[in-house]
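Work through the two exercises below with the structure in view. Try each task before reading its solution.

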Amino acid sequence: MAAEHELTRRTSVSLEMLADFQHSDAPSRPDYWAEGFVPSHTRSGHRIERGPLVHNAEEILTLVSTGELVNLFPAHMMRYWGRPDIAYLPVRDIDALSYALVWRTETENDLIRAFARVAAGVGTLAT
């Protein structure tokens, strides 16, 4: 959310609180993916409004920084996309996103297998 957003006075937020504000949407995405990233409703049934269509993280961050929307991001965004005009707060009532390496079988090669071995060796990272 924008650094000056009213919720930044808190140390964490709930999905219920965030449902009062507009979130970004993507022009082309599978419904199951969108639902996993930003559910359409909170657990109590409050609808989460999706708004402006965005095509990349930079567009989202621009809209977030101006206060036009709030957006859910994985925790690593704080490390790699930190900006003084954006505040990242933990959401206490939503599950963590799961990640997995995937690739098309026909494109598998030595480099992909080596990367997969390194990733497997790192294991699960806690935030």
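**Exercise 1.** Is arginine 50 buried or exposed, and which side chain of opposite charge is nearest?

*Solution.*
Step 1. Arginine 50 is buried, where buried means under 20% relative accessible area with a 1.4 Å probe, protein chains only.
Step 2. The nearest side chain of opposite charge is aspartate 25, 4.4 Å away; Lys and Arg count as positive, Asp and Glu as negative, and His and the chain ends are not counted.
Step 3. Arginine 50 has no salt bridge, a term for a side-chain nitrogen of Lys or Arg within 4 Å of a carboxyl oxygen of Asp or Glu.
Step 4. Leaving aside neighbours within four places in sequence, the contacts of arginine 50 (heavy atoms within 4.5 Å) include His23, Asp25, Ala34 and Glu35.

The model is predicted: local features need pLDDT of at least 70, side-chain atom pairs count only at pLDDT 80 or more, and totals for chains, interfaces and linings use all residues. Residues are numbered from 1 along each chain as its sequence is written, and side-chain values use heavy atoms, with hydrogens and water left out.

**Exercise 2.** State how many helices and strands the protein chain has, and in what order they come.

*Solution.*
Step 1. The chain has five helices and two strands, taken as DSSP runs (helices H or I, at least four residues; strands E, at least two) numbered from the N terminus.
Step 2. Along the sequence, the pattern is α-β-α-β-α-α-α.
Step 3. Arginine 50 belongs to strand E2, residues 50–53.
Step 4. Of the 127 residues in the chain, 28% are buried.

Terms used. Buried < 20%, exposed > 50% of the residue type's maximum accessible area, 1.4 Å probe, protein only.
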